[in-house]
Amino acid sequence: MVNSTGKTTSEDTVEAPAATTTLESSPTGRDSPPIVWLARVGALIVALQAVIYIRWILSDGFTPTPAGADPVPTHTIWIIKIAEGICVVGTIASIVWLVRKTRREGRFPTIGVFLVAWLLAAWQDVGVNAVRPVFGYNTEFFQMGTWAEFVPGWVSKGPETPAPILYTLGDYFLFFPLAVLGINALVERARKRWPRLNKAGIVAGLLLLFLVLDTVGEQLLQRQGLWTYFRVNETWSLFTGTINQFPLYENVVFGSIVMVLSICIYIFRRKDGGLVSDAGIERLRTKRGVSIIRILALTAVINAIMLVFNLGYNLVNQHADTTPPSVPSYLHVEMCGVPGNSPCPPPR
């Protein structure tokens with residue numbers, strides 16, 4: 001990869017030594033390297049989400065969620081369609097760029113490993129509503145209901161917010177990878193400008209940056225009617241009691257911690273260009289399938305980060321006590337506990 005100075009970085013220099021058949025060079029009876037163990041976990045996670053998606057697609061619930069009685073404002077429809085168009089075009093461009101980069105360099109690049117692994121965590125996007133509904137997407141997004149009810153451990157409570165398919169694809173396969181590359185270039189410049197800048201200073205700066213970016217970005221799109229947080233904890237939220245209420249613990253936990261943790265995995269690569277999930281890659285005896293192993297290993301790490309976020313968010317949700325006086329039908333889709341809808345059943 002070429003950095004801002006025009007010099008080649010070590011991003012993609014990581015490479016397993018070539019040999020013949022087996023995945024590791026350790027003698028019989030010794031443990032597999034960490035990357036292999038992580039890849040095994042990642043493979044189980046991929047298998048789990050495949051089952052979830054297949055069950056969803058084959059279910060009666062694989063159909064668009066209706067908007068309800070309230071009409072979606074025209075300007076909101078236009079914003080959603082433009083956003084989805086950007087997602088589709090940008091995702092195609094991203095795939096083309098990645099294929100060309102792979103052919104040019106002769107190996108699957110590290111940013112591609114990161115991009116695919118992040119996409120393989122998208123199934124957890126529905127997790128904030130696992131125990132009780134607190135968040136709703138606009139039904140105007142291209143959607144076919146949601147796979148949420150097929151996630152193991154999901155609390156059955158009636159209708160759920162639909163999952164925006166094209167927007168989610170763009171969010172996980174386009175916007176976040178672009179942010180990673182942008183932050184990586186920014187950090188490289190900052191290190192050249194301030195040579196004494198250490199990792200702690202970089203992490204602190206990124207935490208503050210994404211705290212602001214997440215708050216501003218969420219509020220900008222939320223105020224255009226793309227989604228809403230219809231149940232928040234009043235003490236730790238902004239604009240409480242309105243349709244634009246926003247939980248500060250969302251931008252702290254997801255906007256800062258999840259995003260920054262994930263980005264740090266990339267920007268703090270090893271000297272050989274490897275990621276933290278590539279530990280033990282030098283013990284692999286073949287190049288064949290190494291990229292898949294790297295993707296699966298990082299998938300395990302990213303999904304672990306997302307799981308911790310969702311567990312923490314659902315814990316805080318038990319103390320969410322404030323709802324706006326009314327929520328449009330295209331946002332609440334008859335979910336329980338929203339003003340005017342039925343109360344949520346007790347967890348079974």
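Which residues are linked with K81 in a network of salt bridges? In this predicted model, K81, E84 and E140 are joined in such a network, and a search of the whole structure finds six salt bridges. Because K81 lies in helix α2 (residues 74-105) and E140 in the loop between β1 (135-137) and α4 (165-193), the pair ties together parts that are 59 residues apart in sequence. With a relative accessibility of 38%, K81 counts as partly exposed, and E140, at 23% relative accessibility, likewise counts as partly exposed.

The side chains of R294 and D278 meet in a salt bridge with an N to O distance of 2.9 Å. This pair links distant parts of the chain, since R294 belongs to helix α7 (residues 290-317) whereas D278 is found in the loop between α6 and α7, 16 residues apart. The relative accessible area of R294 is 4%, a value under 20%, so R294 is buried. D278 also counts as buried, its relative accessibility being 0%. A salt bridge is also formed between D272 and R270, with the closest N and O atoms 3.0 Å apart. In this case D272 is partly exposed, with a relative accessible area of 32%, and R270 is partly exposed as well, with a relative accessible area of 29%.

The packing of helices is considered next. Two packed helices are described by the angle between their axes and by the distance between those axes. For helix α5 (residues 199-222) and helix α6 (residues 248-267), the axes come within 8 Å and cross at roughly 130°. The two helices, α5 and α6, are therefore oblique to each other, and α5 passes α6 in a right-handed crossing. On the side of α5, the contact is made by I202, V203, L206, L207, F210, L211, D214, T215 and E218. On the side of α6, the contributing residues are E250, N251, V252, F254, G255, S256, I257, M259, V260, I263, C264 and I267. Sorted by class, the contact of α5 with α6 comprises 14 nonpolar, four polar and three charged residues.

The backbone was also examined for its phi angles. Most residues other than glycine have a negative phi. V333, although it is not a glycine, has a positive phi of about 40°, and this residue is placed in the segment after α8 (329-332). E334 is likewise placed in the segment after α8, and its phi is near 65°, a positive value in a residue other than glycine. As for accessibility, V333 counts as buried at 7% relative accessibility, whereas E334, at 58% relative accessibility, counts as exposed.

Methods:
Residues numbered from 1 in each chain as written. Predicted model: local features only at pLDDT ≥ 70, side-chain atom pairs only at ≥ 80, totals over all residues. Heavy atoms only, no water. Axes fitted to C-alpha atoms, helices over the stretch in contact; angles between N-to-C directions. Helix = DSSP H or I, 4+ residues; strand = E, 2+ residues; numbered from the N terminus. Parallel < 35°, antiparallel > 145°, perpendicular 65-115°, else oblique. Left-handed = near helix turned anticlockwise from the far one by under 90°. Contact = heavy atoms within 4.5 Å. Nonpolar A, V, L, I, M, F, W, Y, C, P; charged D, E, K, R; others polar. Salt bridge = Lys/Arg side-chain N within 4 Å of Asp/Glu carboxyl O. Buried < 20%, exposed > 50% of the residue type's maximum accessible area, 1.4 Å probe, protein only.
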